[in-house]
Amino acid sequence: MVQDSGSGWKVSADTHKEMLLALYIRDLAAIEPLGALSLAPLSPRVKPAAARELNGVSAGELRQEWHSWWESIIADTHPDIDIEREPDFADFSDSPSLQHLLRAHYGNAYTWTQRRLGEYQEYALDHTTEQLALLGQLFAERELEGKNVSQMHLKLVELPLAERRAWFVEPDTVILSQELMRDETLFRSYLAPIIDLLT
């Protein structure tokens, strides 16, 4: 995790291993979006190899179970999965379709997630300092406009998503594509309104 701060405000940027794992499972099983926070597919693309394992009933159940899991990750109410070792998946006993899919594909999901975590470390070395400096400018601009940015903590969750954009998650989190930083104008266009909303 990288952090920066100013006159009372704080910004942190990191990736999220459980979100990575959940999104891999989503794309692997071709689970359709549900609700407002439907993130873009992962990049590199995950082949939907598990989709053919599902019939209509189990696909519907899996979709509901996955979305419940995703919502609990977003709300930070689901117990963390220790991706360093294969879990017993007891926390998924009330989601049998998801539990079965995780058990069947955990090895590949683990390998994929570990690669993305490694890539993020390299990405963070190249881009995070620049990104935090740009966010610092955005906060400074709001202060010059007379807005109160003190006591504000903005959490950035950077993920390898195929679409360059950001998704705001109340109360103070922004999920964004790692690629978004490559376009400073686009980055500003997503983050400035969020900072305005929070001030």
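Modeller: Let us begin with a single side chain and its surroundings, keeping in mind that this is a predicted model. If we leave aside the neighbours within four places in sequence, Arg-116 is in contact with Leu-20, Pro-44 and Pro-160. Arg-116 itself is found in helix α3.

Colleague: Is Arg-116 buried or exposed?

Modeller: The way to decide is to compare the relative accessible area with a cut-off, and buried means under 20%. Arg-116 has a relative accessible area of 7%, and therefore it counts as buried. Arg-116 also lies over the face of Trp-112, at 4.9 Å from the ring centre.

Colleague: Which class does Arg-103 fall into, by its relative accessibility?

Modeller: Between the buried class and the exposed class, which starts over 50%, there is a middle class called partly exposed. Arg-103 has 47% relative accessibility, so it counts as partly exposed. Arg-103 also has its place in helix α3, which covers residues 96-144. Apart from its neighbours within four places in sequence, Arg-103 is in contact with Asp-88 and Phe-89. The C-alpha atoms of Arg-103 and Asp-88 are separated by 8.5 Å, while the two residues are 15 residues apart along the chain.

Colleague: How should I read a helix as a whole, and how many of the twelve residues of α1 are buried?

Modeller: One can look first at the span of a helix and then at its covering. Helix α1, residues 17-28, reaches 16 Å from its first C-alpha to its last, close to the 16 Å expected at 1.5 Å a residue. Eleven of its twelve residues are buried, so α1 is largely enclosed by the rest of the structure. Among these buried residues are Glu-18, Arg-26 and Asp-27, as well as Leu-20, Tyr-24 and Ile-25. Just after α1, Ala-30 takes a positive phi of about 50°.

Colleague: What is the span of helix α4, and which of its residues are buried?

Modeller: Helix α4, residues 184-198, has 15 residues and reaches 21 Å from its first C-alpha to its last, which is close to the 21 Å expected. Its buried residues are Phe-187, Leu-191, Ala-192, Ile-194 and Ile-195, and what covers them includes α3, β3, β4 and β5.

Colleague: How many aromatic pairs are there, and why is the pair of Tyr-24 and Trp-112 called tilted?

Modeller: To describe a pair of rings, one takes the distance between the centres and the angle between the planes, where under 30 degrees is stacked, over 60 is edge-to-face and the rest is tilted. The count comes to eight aromatic pairs. The rings of Tyr-24 and Trp-112 have their centres 5.4 Å apart and their planes at 40°, so this pair is tilted. The pair links distant parts of the chain, with Tyr-24 in helix α1 and Trp-112 in helix α3, 88 residues apart. Both Tyr-24 and Trp-112 are buried. Another tilted pair is formed by Tyr-120 and Tyr-123, at 5.7 Å centre to centre and with 35° between the planes. These two tyrosines are three residues apart in helix α3, and so they are separated by about one helical turn.

Colleague: Which way do the strands β2 and β3 run, parallel or antiparallel?

Modeller: For strands, one asks which are joined by bridges and in which direction they run. Five bridges join strand β2, residues 10-14, to β3, and the two run parallel. Five bridges also join β3 to strand β5, residues 173-177, again running parallel. Lys-155 of β3 is the bridge partner of Ser-12, and the bridge partner of Lys-155 in β5 is Thr-173. Strand β3, residues 153-159, is mostly covered, since five of its seven residues are buried.

Colleague: How many residues are in the largest nonpolar core, and which have the most contacts inside it?

Modeller: The largest nonpolar core has 35 residues, and those with the most contacts inside it include Ile-25, Trp-66, Leu-159 and Leu-161. The elements that give two or more residues to this core are α1, α2, α3, β3 and β4, and the largest share, eight residues, comes from α1. A second, separate core of 25 residues includes Val-11, Leu-135, Phe-139 and Met-181.

Note on methods. Residues numbered from 1 in each chain as written. Predicted model: local features only at pLDDT ≥ 70, side-chain atom pairs only at ≥ 80, totals over all residues. Heavy atoms only, no water. Helix = DSSP H or I, 4+ residues; strand = E, 2+ residues; numbered from the N terminus. Buried < 20%, exposed > 50% of the residue type's maximum accessible area, 1.4 Å probe, protein only. Contact = heavy atoms within 4.5 Å. Expected span 1.5 Å × (residues − 1). Phe/Tyr/Trp six-rings, centres within 6.5 Å; stacked < 30°, edge-to-face > 60°. Lys NZ or Arg CZ within 6 Å of the ring centre and 35° of its normal. Pairing = 2+ DSSP bridges. Core = buried A, V, L, I, M, F, W, Y, C linked by side-chain atoms within 4.5 Å.
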